[in-house]
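Open the model in your viewer and keep the selection tool at hand. Each stop names what to select and what to find there.

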Amino acid sequence: MSSTAPVTDPGDPRVDDYRDLHDARARRRMERPGDDGPGFFVAEGRHALQRLLASGRRIRSVLVDRIRLETLGADLAGLDAPVLLADQPTLRAVAGFPVHRGVLAAADRWPLPDPSAVLAAARRVAVLEDINDHENLGVIFRSAGSLGLDAVLLSPRCCDPLYRRSVRVSMGHVLGVPWTRLEPWPEAIAVVRQAGFSLAALTPAADAEPLAGWAPAPGERVALLLGAEGPGLSPAVLAVADRRLTIPMRAPADSLNVGSAAAIAFYALTATNAPKTPIAPSASSTSSAAISTK
Ligand SMILES: C[S@@+](CC[C@H](N)C(=O)[O-])C[C@H]1O[C@@H](n2cnc3c(N)ncnc32)[C@H](O)[C@@H]1O
(Lines give C-alpha, C1' and ligand atoms only; values in the text may rest on other atoms or scores of the structure.)
Protein backbone atom coordinates (compact mmCIF):
# COMPACT_ATOMS: atom_id res chain seq x y z
CA MET A 1 0.00 0.00 0.00
CA SER A 2 1.23 3.52 -0.68
CA SER A 3 1.67 5.30 2.65
CA THR A 4 -1.47 6.86 4.11
CA ALA A 5 -1.84 10.63 4.14
CA PRO A 6 -4.03 12.24 6.80
CA VAL A 7 -6.71 14.70 5.67
CA THR A 8 -8.04 17.01 8.38
CA ASP A 9 -9.35 19.94 6.34
CA PRO A 10 -12.58 19.20 4.36
CA GLY A 11 -11.43 21.85 1.85
CA ASP A 12 -8.29 19.85 1.00
CA PRO A 13 -8.16 19.53 -2.83
CA ARG A 14 -6.96 15.91 -2.56
CA VAL A 15 -10.55 14.95 -1.63
CA ASP A 16 -12.25 16.91 -4.44
CA ASP A 17 -13.36 13.65 -6.12
CA TYR A 18 -15.57 12.90 -3.10
CA ARG A 19 -17.62 16.10 -2.80
CA ASP A 20 -21.45 16.29 -2.92
CA LEU A 21 -21.81 12.53 -3.22
CA HIS A 22 -25.54 12.67 -2.43
CA ASP A 23 -26.26 15.08 -5.32
CA ALA A 24 -26.77 13.03 -8.53
CA ARG A 25 -26.90 16.10 -10.78
CA ALA A 26 -23.70 17.61 -9.39
CA ARG A 27 -21.97 14.26 -9.63
CA ARG A 28 -22.98 13.83 -13.29
CA ARG A 29 -21.24 17.14 -14.04
CA MET A 30 -18.14 16.23 -12.04
CA GLU A 31 -17.71 12.67 -13.24
CA ARG A 32 -18.31 12.99 -16.96
CA PRO A 33 -15.49 12.45 -19.46
CA GLY A 34 -13.70 15.60 -20.60
CA ASP A 35 -10.62 16.80 -22.44
CA ASP A 36 -8.60 15.88 -19.39
CA GLY A 37 -9.60 12.22 -19.21
CA PRO A 38 -12.24 9.46 -19.27
CA GLY A 39 -14.16 10.77 -16.27
CA PHE A 40 -14.35 8.96 -12.96
CA PHE A 41 -16.75 7.40 -10.46
CA VAL A 42 -16.82 6.65 -6.74
CA ALA A 43 -17.21 3.22 -5.18
CA GLU A 44 -18.48 3.06 -1.58
CA GLY A 45 -18.01 0.24 0.90
CA ARG A 46 -15.73 -2.73 1.26
CA HIS A 47 -17.41 -5.05 -1.26
CA ALA A 48 -17.36 -2.39 -3.95
CA LEU A 49 -13.72 -1.57 -3.17
CA GLN A 50 -12.76 -5.23 -3.37
CA ARG A 51 -14.49 -5.67 -6.72
CA LEU A 52 -12.90 -2.45 -7.94
CA LEU A 53 -9.46 -3.78 -6.96
CA ALA A 54 -10.25 -7.11 -8.68
CA SER A 55 -11.40 -5.30 -11.85
CA GLY A 56 -7.99 -3.80 -12.54
CA ARG A 57 -9.51 -0.36 -13.26
CA ARG A 58 -7.21 2.55 -12.48
CA ILE A 59 -7.85 3.84 -8.96
CA ARG A 60 -7.28 7.56 -8.39
CA SER A 61 -7.38 7.46 -4.59
CA VAL A 62 -8.98 5.78 -1.59
CA LEU A 63 -10.53 7.79 1.26
CA VAL A 64 -10.95 5.82 4.45
CA ASP A 65 -11.54 6.22 8.19
CA ARG A 66 -9.20 4.65 10.72
CA ILE A 67 -11.46 1.74 11.71
CA ARG A 68 -11.92 0.69 8.09
CA LEU A 69 -8.24 1.13 7.33
CA GLU A 70 -7.41 -1.48 9.95
CA THR A 71 -9.75 -4.05 8.37
CA LEU A 72 -8.73 -3.19 4.80
CA GLY A 73 -4.98 -3.33 5.26
CA ALA A 74 -4.51 -6.54 3.24
CA ASP A 75 -6.85 -5.39 0.46
CA LEU A 76 -4.88 -2.19 -0.01
CA ALA A 77 -1.48 -3.87 -0.07
CA GLY A 78 0.11 -3.19 -3.44
CA LEU A 79 -2.29 -0.38 -4.32
CA ASP A 80 -0.59 2.24 -6.46
CA ALA A 81 -2.75 5.23 -5.46
CA PRO A 82 -2.93 7.64 -2.53
CA VAL A 83 -4.72 6.34 0.55
CA LEU A 84 -6.24 9.33 2.34
CA LEU A 85 -7.13 8.92 6.01
CA ALA A 86 -9.88 11.08 7.53
CA ASP A 87 -12.05 10.99 10.65
CA GLN A 88 -15.84 10.63 10.33
CA PRO A 89 -16.65 14.37 10.77
CA THR A 90 -14.23 15.22 7.94
CA LEU A 91 -15.63 12.45 5.72
CA ARG A 92 -19.12 13.71 6.39
CA ALA A 93 -18.20 17.31 5.61
CA VAL A 94 -16.64 16.29 2.29
CA ALA A 95 -19.24 13.75 1.12
CA GLY A 96 -22.30 15.57 2.43
CA PHE A 97 -23.64 12.58 4.40
CA PRO A 98 -22.34 10.22 7.11
CA VAL A 99 -20.12 7.66 5.36
CA HIS A 100 -21.08 4.71 7.57
CA ARG A 101 -19.24 2.23 5.39
CA GLY A 102 -16.03 4.10 6.16
CA VAL A 103 -14.40 3.76 2.76
CA LEU A 104 -14.70 5.46 -0.62
CA ALA A 105 -12.56 4.99 -3.71
CA ALA A 106 -12.39 7.10 -6.87
CA ALA A 107 -11.51 5.36 -10.14
CA ASP A 108 -11.40 6.09 -13.87
CA ARG A 109 -14.40 5.39 -16.09
CA TRP A 110 -13.73 3.53 -19.33
CA PRO A 111 -15.05 3.70 -22.90
CA LEU A 112 -18.10 1.44 -23.20
CA PRO A 113 -17.47 -1.65 -25.32
CA ASP A 114 -19.23 -2.35 -28.58
CA PRO A 115 -22.42 -4.41 -27.93
CA SER A 116 -21.36 -7.00 -30.52
CA ALA A 117 -18.13 -7.63 -28.65
CA VAL A 118 -19.99 -8.03 -25.35
CA LEU A 119 -22.55 -10.37 -26.90
CA ALA A 120 -19.94 -12.52 -28.67
CA ALA A 121 -18.67 -13.73 -25.33
CA ALA A 122 -22.11 -14.17 -23.73
CA ARG A 123 -24.87 -16.76 -23.52
CA ARG A 124 -27.31 -15.27 -20.97
CA VAL A 125 -27.86 -11.53 -20.87
CA ALA A 126 -30.32 -8.96 -19.52
CA VAL A 127 -31.56 -6.07 -21.64
CA LEU A 128 -32.94 -3.18 -19.57
CA GLU A 129 -35.26 -0.52 -20.92
CA ASP A 130 -35.20 2.89 -19.21
CA ILE A 131 -34.39 1.71 -15.67
CA ASN A 132 -33.99 5.16 -14.16
CA ASP A 133 -33.70 4.31 -10.48
CA HIS A 134 -30.11 3.83 -9.28
CA GLU A 135 -31.07 1.38 -6.54
CA ASN A 136 -33.13 -0.83 -8.85
CA LEU A 137 -30.26 -0.83 -11.32
CA GLY A 138 -27.84 -1.79 -8.55
CA VAL A 139 -30.14 -4.61 -7.39
CA ILE A 140 -30.36 -5.96 -10.95
CA PHE A 141 -26.56 -5.94 -11.33
CA ARG A 142 -26.15 -7.64 -7.97
CA SER A 143 -28.45 -10.45 -9.09
CA ALA A 144 -26.83 -10.61 -12.52
CA GLY A 145 -23.39 -11.00 -10.95
CA SER A 146 -24.47 -13.38 -8.21
CA LEU A 147 -26.57 -15.64 -10.43
CA GLY A 148 -24.15 -15.76 -13.35
CA LEU A 149 -25.51 -13.62 -16.18
CA ASP A 150 -22.82 -12.86 -18.74
CA ALA A 151 -23.71 -9.24 -19.52
CA VAL A 152 -26.21 -6.42 -19.07
CA LEU A 153 -27.25 -4.17 -21.96
CA LEU A 154 -28.88 -0.82 -21.23
CA SER A 155 -31.19 1.40 -23.26
CA PRO A 156 -29.84 4.95 -23.61
CA ARG A 157 -32.25 6.26 -20.95
CA CYS A 158 -31.20 3.85 -18.24
CA CYS A 159 -29.42 5.65 -15.42
CA ASP A 160 -25.70 5.41 -14.76
CA PRO A 161 -24.51 2.07 -13.30
CA LEU A 162 -21.41 3.86 -12.02
CA TYR A 163 -23.32 6.39 -9.92
CA ARG A 164 -22.23 5.76 -6.32
CA ARG A 165 -25.58 4.42 -5.13
CA SER A 166 -25.77 1.87 -7.98
CA VAL A 167 -22.21 0.77 -7.33
CA ARG A 168 -22.95 0.33 -3.61
CA VAL A 169 -26.31 -1.45 -4.01
CA SER A 170 -24.81 -3.74 -6.66
CA MET A 171 -22.11 -4.71 -4.11
CA GLY A 172 -19.65 -3.72 -6.81
CA HIS A 173 -21.02 -6.13 -9.44
CA VAL A 174 -21.25 -3.21 -11.89
CA LEU A 175 -17.46 -3.55 -11.94
CA GLY A 176 -17.47 -7.25 -12.72
CA VAL A 177 -20.44 -7.91 -15.00
CA PRO A 178 -19.72 -6.66 -18.54
CA TRP A 179 -22.20 -3.96 -19.59
CA THR A 180 -22.76 -1.45 -22.33
CA ARG A 181 -25.52 0.60 -23.95
CA LEU A 182 -27.65 -0.28 -26.99
CA GLU A 183 -28.22 2.71 -29.28
CA PRO A 184 -30.35 3.77 -31.07
CA TRP A 185 -33.28 2.45 -29.10
CA PRO A 186 -35.12 0.20 -29.71
CA GLU A 187 -33.59 -0.48 -33.15
CA ALA A 188 -30.30 -1.70 -31.68
CA ILE A 189 -32.07 -4.68 -30.09
CA ALA A 190 -31.61 -6.16 -33.57
CA VAL A 191 -27.89 -6.50 -32.69
CA VAL A 192 -28.87 -8.89 -29.88
CA ARG A 193 -30.95 -11.03 -32.21
CA GLN A 194 -28.25 -10.99 -34.88
CA ALA A 195 -25.81 -12.30 -32.29
CA GLY A 196 -28.02 -15.38 -32.01
CA PHE A 197 -30.08 -14.58 -28.91
CA SER A 198 -33.76 -15.30 -28.47
CA LEU A 199 -35.61 -12.41 -26.83
CA ALA A 200 -37.78 -13.13 -23.78
CA ALA A 201 -39.78 -10.17 -22.43
CA LEU A 202 -40.65 -10.16 -18.71
CA THR A 203 -44.09 -8.69 -18.16
CA PRO A 204 -46.76 -8.81 -15.46
CA ALA A 205 -49.42 -9.29 -18.16
CA ALA A 206 -51.72 -12.10 -17.04
CA ASP A 207 -51.93 -13.60 -20.54
CA ALA A 208 -48.16 -14.13 -20.84
CA GLU A 209 -46.51 -17.55 -20.54
CA PRO A 210 -45.79 -18.51 -16.88
CA LEU A 211 -42.07 -18.33 -16.19
CA ALA A 212 -42.14 -21.58 -14.19
CA GLY A 213 -43.17 -23.56 -17.26
CA TRP A 214 -40.34 -22.20 -19.39
CA ALA A 215 -36.79 -23.38 -19.82
CA PRO A 216 -34.33 -22.39 -22.54
CA ALA A 217 -33.49 -25.11 -25.05
CA PRO A 218 -30.04 -26.68 -24.58
CA GLY A 219 -27.46 -24.27 -25.95
CA GLU A 220 -30.06 -21.52 -26.52
CA ARG A 221 -28.69 -18.03 -26.02
CA VAL A 222 -31.27 -15.93 -24.20
CA ALA A 223 -31.75 -12.22 -23.61
CA LEU A 224 -34.22 -11.34 -20.84
CA LEU A 225 -35.89 -7.96 -21.44
CA LEU A 226 -37.00 -5.95 -18.38
CA GLY A 227 -38.80 -2.61 -18.19
CA ALA A 228 -39.01 0.33 -15.82
CA GLU A 229 -41.20 0.87 -12.77
CA GLY A 230 -44.34 2.58 -14.03
CA PRO A 231 -44.42 2.08 -17.79
CA GLY A 232 -42.83 -1.37 -18.00
CA LEU A 233 -41.57 -2.51 -21.40
CA SER A 234 -42.65 -0.32 -24.28
CA PRO A 235 -45.01 -1.72 -26.95
CA ALA A 236 -42.14 -1.52 -29.47
CA VAL A 237 -39.94 -3.79 -27.35
CA LEU A 238 -42.76 -6.20 -26.51
CA ALA A 239 -43.47 -6.44 -30.24
CA VAL A 240 -39.96 -7.65 -31.11
CA ALA A 241 -39.80 -10.25 -28.33
CA ASP A 242 -40.00 -13.94 -29.26
CA ARG A 243 -41.97 -14.73 -26.13
CA ARG A 244 -43.55 -12.95 -23.17
CA LEU A 245 -42.91 -14.50 -19.74
CA THR A 246 -44.72 -13.69 -16.52
CA ILE A 247 -44.26 -14.46 -12.84
CA PRO A 248 -47.88 -15.14 -11.89
CA MET A 249 -49.14 -13.02 -8.97
CA ARG A 250 -52.07 -13.39 -6.60
CA ALA A 251 -53.48 -10.01 -7.63
CA PRO A 252 -53.16 -9.99 -11.42
CA ALA A 253 -53.34 -6.19 -11.73
CA ASP A 254 -50.20 -5.75 -9.62
CA SER A 255 -46.59 -6.01 -10.61
CA LEU A 256 -43.35 -6.87 -8.85
CA ASN A 257 -40.51 -4.46 -8.35
CA VAL A 258 -38.24 -4.82 -11.39
CA GLY A 259 -35.29 -5.84 -9.22
CA SER A 260 -37.32 -8.65 -7.65
CA ALA A 261 -38.64 -9.79 -11.03
CA ALA A 262 -35.11 -9.75 -12.44
CA ALA A 263 -33.76 -11.95 -9.63
CA ILE A 264 -36.50 -14.55 -10.13
CA ALA A 265 -36.07 -14.56 -13.91
CA PHE A 266 -32.26 -14.72 -13.72
CA TYR A 267 -32.55 -17.72 -11.45
CA ALA A 268 -35.01 -19.43 -13.80
CA LEU A 269 -32.61 -18.82 -16.68
CA THR A 270 -29.39 -19.85 -14.99
CA ALA A 271 -30.67 -22.77 -12.87
CA THR A 272 -31.55 -24.73 -16.02
CA ASN A 273 -27.92 -24.41 -17.14
CA ALA A 274 -26.40 -24.87 -13.71
CA PRO A 275 -22.86 -26.26 -13.52
CA LYS A 276 -22.69 -29.99 -12.73
CA THR A 277 -20.46 -29.44 -9.68
CA PRO A 278 -21.97 -27.47 -6.79
CA ILE A 279 -20.74 -23.91 -6.39
CA ALA A 280 -19.32 -23.09 -2.96
CA PRO A 281 -21.45 -20.39 -1.29
CA SER A 282 -18.62 -17.86 -1.20
CA ALA A 283 -17.72 -18.38 -4.85
CA SER A 284 -21.28 -17.77 -6.04
CA SER A 285 -21.26 -14.28 -4.59
CA THR A 286 -17.85 -13.21 -5.78
CA SER A 287 -15.97 -12.70 -8.98
CA SER A 288 -12.64 -12.94 -7.21
CA ALA A 289 -11.32 -15.12 -4.44
CA ALA A 290 -10.03 -11.92 -2.87
CA ILE A 291 -13.55 -10.63 -2.21
CA SER A 292 -14.81 -10.99 1.32
CA THR A 293 -18.32 -12.27 1.96
CA LYS A 294 -18.58 -10.43 5.26
C1 LIG B 1 -43.05 -2.43 -12.00
S2 LIG B 1 -42.98 -3.38 -13.44
C3 LIG B 1 -43.82 -2.39 -14.61
C4 LIG B 1 -45.30 -2.48 -14.50
C5 LIG B 1 -45.98 -2.00 -15.71
N6 LIG B 1 -47.24 -1.42 -15.34
C7 LIG B 1 -46.17 -3.14 -16.71
O8 LIG B 1 -47.31 -3.47 -17.00
O9 LIG B 1 -45.19 -3.71 -17.19
C10 LIG B 1 -41.33 -3.22 -14.00
C11 LIG B 1 -40.81 -4.41 -14.78
O12 LIG B 1 -40.63 -5.50 -13.90
C13 LIG B 1 -40.90 -6.71 -14.58
N14 LIG B 1 -42.02 -7.36 -13.88
C15 LIG B 1 -42.71 -6.86 -12.83
N16 LIG B 1 -43.62 -7.74 -12.39
C17 LIG B 1 -43.50 -8.84 -13.18
C18 LIG B 1 -44.15 -10.10 -13.23
N19 LIG B 1 -45.12 -10.42 -12.37
N20 LIG B 1 -43.77 -10.98 -14.19
C21 LIG B 1 -42.76 -10.69 -15.03
N22 LIG B 1 -42.12 -9.52 -15.04
C23 LIG B 1 -42.48 -8.60 -14.13
C24 LIG B 1 -41.25 -6.36 -16.02
O25 LIG B 1 -40.09 -6.47 -16.83
C26 LIG B 1 -41.68 -4.91 -15.90
O27 LIG B 1 -41.48 -4.21 -17.11
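**Before you start.** This is a predicted model: local features need pLDDT of at least 70, and side-chain atom pairs count only at pLDDT 80 or more, while totals for chains, interfaces and linings use all residues. Residues are numbered from 1 along each chain as its sequence is written, and side-chain values use heavy atoms, with hydrogens and water left out.

**Stop 1: the cavity.** Select Arg-27, Arg-28, Glu-31, Arg-109, His-134, Asp-160 and Tyr-163, which line the largest cavity. A cavity is a set of points, on a 1 Å grid over the protein atoms alone, where a 1.4 Å probe fits but cannot get out; lining residues have an atom within 4 Å of a point. The count comes to one cavity of 30 Å³ or more. The largest cavity holds about 40 Å³ of space. Volume here is the space filled by probe spheres set on the points, which are joined across faces, edges and corners. Asp, Glu, Lys and Arg count as charged; Ala, Val, Leu, Ile, Met, Phe, Trp, Tyr, Cys and Pro as nonpolar; the others, Gly among them, as polar. Which helix gives the most to this lining? Helix α1 (residues 24-31) does, with three residues. Helices (H or I, at least four residues) and strands (E, at least two) are DSSP runs, numbered from the N terminus.

**Stop 2: Glu-31.** Stay in helix α1 and pick Glu-31. Glu-31 counts as buried because its relative accessibility is 3%; buried means under 20% relative accessible area (1.4 Å probe, protein chains only). Its side chain makes a polar contact with the side chain of Arg-109 at 2.7 Å. A polar contact is a pair of N or O atoms within 3.5 Å; within protein, one must be able to donate a hydrogen and the other to accept it, and residues adjacent in sequence count only if both atoms are side-chain atoms. Leaving aside neighbours within four places in sequence, the contacts (heavy atoms within 4.5 Å) of Glu-31 include Phe-40, Val-42 and Asp-160.

**Stop 3: the pockets.** A pocket is an open set of points with protein on both sides within 12 Å along at least five of seven lines. The largest pocket holds about 350 Å³. Of its 23 lining residues, select Leu-202, Thr-203, Pro-204, Ser-255 and Leu-256, the closest to its centre. The lining divides into 14 nonpolar, seven polar and two charged residues. Next comes the second largest pocket, about 290 Å³. Of its 15 lining residues, Arg-109, Asp-160, Pro-161, Trp-179 and Arg-181 lie nearest its centre.

**Stop 4: helix α6.** Select residues 134-147. At the start of α6, a side-chain oxygen of Asp-133 comes to within 2.9 Å of the backbone nitrogen of Glu-135. Just after α6, Gly-148 has a positive phi of about 95 degrees. The buried residues of α6 include Leu-137, Ile-140 and Phe-141. Their cover includes β6 (124-128) and α10 (258-271).

**Stop 5: Ala-86.** Finish in the loop between β4 (83-85) and α4 (88-95), at Ala-86. Ala-86 counts as buried, at 6% relative accessibility.

How values were computed: Buried < 20%, exposed > 50% of the residue type's maximum accessible area, 1.4 Å probe, protein only.
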